[in-house]
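Here are some friendly questions and answers to work through with the model open beside you. Shall we take a look?

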Amino acid sequence: MKSVKIIAAAAAAALCAGAAFAAEPPAVYFTKEITPDSIVKVYKALGRKAEGKNVAVKISTGEPPSSNYLRPELIEKLVRGVNGTIVECNTAYGTARSDAENHMKVAEEHGFTKIAKVDILDAEGETALPVRGGRHLKENFVGSHFGNYDFYVILSHFKGHAMAGLGGAVKNISIGLASGHGKSVIHSNGFIESMAEAAKSVTDALGDKILYINVMNRLSVDCDCDGTPSEPEMHDIGVLASLDPVALDQACVDLVRAAPDGAALVERMESRDGPRTLEYGEEIGLGSRKYKLISLD
């Protein structure tokens with residue numbers, strides 16, 4: 001009987017330890033340096049290796065003529081280090097990136113084809129991912145090449161957005177991975193919350209075969225889908241990475257809010273109810289808005 005009590009007590013202690021561990025907020029790694037080496041540094045800090053036969057690096061190729069997309073020379077070291085293929089999807093509106101042929105021309109003009117292979121995921125159509133527990137979407141339509149990759153590195157330029165208020169990791173795996181048609185579906189069905197639902201369908205599909213990096217430079221109120229964005233009114237902040245997309249974006253939002261020169265971007269985020277995407281994402285289990293910020297400097 002005594003041994004049974006000891007075993008029961010040990011089991012209870014283990015359960016309590018497990019609960020405490022589960023309650024630990026996700027780590028968000030941060031460096032003020034914005035260099036090719038610092039991007040690699042935050043990636044390595046995550047402790048999750050991007051591996052497999054085919055590794056996708058999801059970026060925005062940027063709308064011409066002068067958007068603030070992440071420059072190839074900044075991301076090249078990471079992309080080559082993971083032997084990645086740069087992936088994107090077409091836009092839902094009539095621009096230079098709304099069809100695969102012209103989109104590839106933009107990728108070439110912006111220098112991405114010089115550093116890696118580039119794949120427009122919806123060049124040959126789309127596939128549907130189930131959305132579980134959503135109140136806006138039942139399916140999320142992503143590029144048909146989505147399943148060709150064993151691992152996804154989500155490399156996002158954090159900034160504002162004319163409709164979403166903010167653009168970071170969650171937007172990059174929702175609107176960013178959606179086909180042209182899929183983007184229209186998200187836009188027309190509770191857009192702010194639908195982005196979180198679409199993002200959740202992606203994380204459900206990939207499990208632990210994904211990680212997230214946000215670069216906080218050129219912090220315009222406008223998105224990289226805007227070819228003539230407003231000039232940033234605030235300083236560059238740094239590079240952040242996490243295994244939790246909500247925690248990562250929330251950390252970026254908090255850093256902007258704390259910045260002495262972030263008023264314009266804060267107004268853009270708040271006026272479009274952008275943080276609601278993260279709140280709703282937490283509600284549906286996409287991630288946590290609580291986090292532990294760990295400086296690597």
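Q: Which residues line the second largest cavity, and what is the volume of that cavity?
A: In this predicted model, the lining includes Leu 219, Ser 220, Val 221, Glu 231, Pro 232, Glu 233 and Met 234. Asp 261, Gly 262, Ala 264 and Leu 265 also line this cavity. The volume of the second largest cavity is about 40 Å³.

Q: How does the lining of the second largest cavity divide by class, and how many of its residues are nonpolar?
A: Glu 231, Glu 233 and Asp 261 are among the lining residues, and the charged class has three members here. Two residues are polar. The nonpolar count is six.

Q: What is the volume of the largest cavity, and which helices each supply at least two residues of its lining?
A: A search of the whole structure finds two cavities of 30 Å³ or more, and the largest has a volume of about 50 Å³. Its lining includes Val 170, Lys 171, Thr 277 and Leu 278. By class, the lining has five nonpolar, three polar and two charged residues. The helices that each supply at least two residues are H5 and H10 (275-283).

Q: How much space lies in the largest pocket, and which residues are closest to its centre?
A: The largest pocket holds about 500 Å³ of space. It is lined by 31 residues. The closest to its centre are His 161, Lys 171, Ile 175, Cys 223 and Cys 225.

Q: Which element gives the most residues to the lining of the largest pocket?
A: Strand E7 (151-157), strand E8 (159-161), helix H5 (169-173) and helix H6 (180-187) are the elements that give two or more residues. The lining divides into 13 nonpolar, nine polar and nine charged residues. With three residues, the element that gives the most is E7.

Q: Which residues of helix H2 are buried?
A: Helix H2 spans residues 36-45. What covers its buried residues includes strand E1 (27-31), helix H3 (72-81), strand E10 (210-216) and strand E11 (238-242). An α-helix has 3.6 residues a turn, so residues three or four places apart point the same way. The buried residues are Ser 38, Ile 39, Val 40, Val 42 and Tyr 43.

Q: Which residues does Met 104 touch, not counting residues up to four places away in sequence?
A: Met 104 has its place in helix H4 (residues 100-109). At 30% relative accessibility, Met 104 counts as partly exposed. The residues that Met 104 touches are Thr 113, Val 118 and Ile 120.

Q: Where is the cis peptide bond that involves Pro 65?
A: Pro 65 lies in the loop between strand E2 (55-58) and H3. The omega angle of the bond is near 10 degrees, and the bond is cis. The bond runs from Pro 64 to Pro 65.

Q: What is the phi of Asn 83, and what is that of Asp 273?
A: Asn 83 lies in the loop between H3 and E3 and counts as exposed at 63% relative accessibility. Asp 273 lies in the loop between helix H9 (263-271) and H10 and counts as partly exposed at 43%. Neither is a glycine, and each has a positive phi. Phi is near 55 degrees for Asn 83 and about 60 degrees for Asp 273.

Q: How many helices and strands does the protein have, and what is its radius of gyration?
A: There are 10 helices and 12 strands. The globule rule gives 19 Å for 297 residues, and the value for this protein is close to that, so the protein is as compact as a globular protein of that length. The radius of gyration is 19 Å.

Q: What percentage of the residues count as buried?
A: The protein exposes about 12700 Å², with carbon and sulfur atoms supplying 53% of it. Among contacts with a separation of 6 or more, 76% come from residues 24 or more positions apart. Of the 297 residues, the share that count as buried is 53%.

Terms used
Residues are numbered from 1 along each chain as its sequence is written. This is a predicted model: local features need pLDDT of at least 70, side-chain atom pairs count only at pLDDT 80 or more; totals for chains, interfaces and linings use all residues. Side-chain values use heavy atoms; hydrogens and water are left out. On a 1 Å grid over the protein atoms alone, a cavity is a set of points where a 1.4 Å probe fits but cannot get out, and a pocket is an open set with protein on both sides within 12 Å along at least five of seven lines; lining residues have an atom within 4 Å of a point. Grid points are joined across faces, edges and corners, and a volume is the space filled by probe spheres set on the points. Helices (H or I, at least four residues) and strands (E, at least two) are DSSP runs, numbered from the N terminus. Ala, Val, Leu, Ile, Met, Phe, Trp, Tyr, Cys and Pro count as nonpolar, Asp, Glu, Lys and Arg as charged, and the others, Gly among them, as polar. The radius of gyration is taken over C-alpha atoms; the globule rule is 2.2 Å times the number of residues to the power 0.38. Buried means under 20% relative accessible area, exposed over 50%, partly exposed in between (1.4 Å probe, protein chains only). Contact means heavy atoms within 4.5 Å. Accessible areas come from the Shrake-Rupley method with a 1.4 Å probe; for residues, only the protein chains shown count as cover.
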